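Welcome! Please take a moment with the sequence and the structure below, and then we can walk through them together.

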Amino acid sequence: MNYLESKQLELMPLPAEPAVAEILNQPEPEYQPLASVWDGLDSELLEKMLDFYPRTRPQLILDATVNTGRFWKGSSRPVVGMDIEAKHCPNLVANNLRMSFRDNSFDVIVFDPPHIPNQGQDQSKDFNTRFGLVLKSSAQNGYNFSYLYPPFVQEAYRVLKPEGILFCKIADYVHGHRFQWAHVDFIRAAAEVGFCPCDCIVKIRKSPIVSPRWKTAHHARRHHCYWLIFRKSDKCE
Ligand SMILES: C[S@@+](CC[C@H](N)C(=O)[O-])C[C@H]1O[C@@H](n2cnc3c(N)ncnc32)[C@H](O)[C@@H]1O
């Protein structure tokens, strides 16, 4: 399978091309119901979702925000990991808003964007450096990251195969004295480019990210985020 297009991609240390015949020869997973609330590791949930939503076993998966690849520890899935930051040593250092892949390249795309812009220091967690929480958003962009969703979903739609699946992990939050409905903004953006919004799994978080600047806040502390599931199709099932 030739999924590398540009010179840049050819130069990157991508994983060995997935043995397509080997993947195709594996039996399709048996149907297992999936609960709408998940209290566990993302990597374990992803494994279940990859067996549950794609119509056939995915031959090629793009993690468009791979960071250091925590989602894929111990996984033998055929994943290309992209990140804009070279320091995380992804397979591919690139911007997911302008991808160099051909149309219809991937069966599944996983997207776990930075969630909270302009975050205050939280010494109790290493989230800022680990997860890109130090990214900024201006007043013009409403102090949120929603302006990044339309260009991303347009690219995701283009590089996914027909019937391909987009998984997005996303968290709502309070910022700029307002509740920021990130998951609603993402669903709107994805539907706008043609994705069918198909499902939503609530993922329990052990503890919320709390800025020390706002010890007294009259919003419920976020003890959950979402995994949203989209299909490049006009129907879910
Ligand atoms: C929340 S982290 C992902 C964490 C990862 N899923 C994990 O569990 O290890 C978001 C990542 O997106 C990357 N990122 C931010 N903007 C990006 C862009 N435009 N293109 C590619 N990667 C981007 C950041 O560098 C960061 O590593």
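## Around the ligand

How many nonpolar, polar and charged residues does the shell around the ligand have? In this predicted model, the shell has eight nonpolar residues, five polar ones and four charged ones. The residues around the ligand number 17, and those that come nearest are Asn67, Arg70, Asp83, Asn95 and Asp112.

The side chain of Asn67 has an N or O atom 2.7 Å from an oxygen atom of the ligand. For Asp83, a side-chain N or O atom is likewise 2.7 Å from a ligand oxygen. Asn95 has a polar side-chain atom that lies 2.9 Å from a nitrogen atom of the ligand. On its own the ligand has 610 Å² of accessible area, and the protein covers 93% of that.

## Confidence along the chain

The protein has a mean pLDDT of 85, with 77% of its residues at 70 or more. Residues 1-13 have pLDDT below 50, and this stretch has 31 contacts in the model beyond near neighbours in sequence. Over residues 120-134 pLDDT also stays under 50, and here the model has 30 contacts beyond four places in sequence. A friendly caution: where pLDDT is low, the predicted coordinates should not be read in detail.

## Cysteines

How many disulfides are there? The count comes to zero. Cys200 is in no disulfide, and the nearest cysteine sulfur, which belongs to Cys225, is 9.9 Å away.

Cys200 counts as partly exposed because its relative accessibility is 30%, between the 20% and 50% cut-offs. Cys236, at 25% relative accessibility, also counts as partly exposed.

Technical notes. Residues numbered from 1 in each chain as written. Predicted model: local features only at pLDDT ≥ 70, side-chain atom pairs only at ≥ 80, totals over all residues. Heavy atoms only, no water. pLDDT = per-residue confidence, 0-100. Contact = heavy atoms within 4.5 Å. Near = heavy atom within 4 Å. Polar contact = N/O pair within 3.5 Å; in protein donor to acceptor, adjacent residues only side chain to side chain. Areas by Shrake-Rupley, 256 points an atom, 1.4 Å probe, with all protein chains shown as cover. Nonpolar A, V, L, I, M, F, W, Y, C, P; charged D, E, K, R; others polar. Disulfide = S-S within 2.5 Å. Buried < 20%, exposed > 50% of the residue type's maximum accessible area, 1.4 Å probe, protein only.
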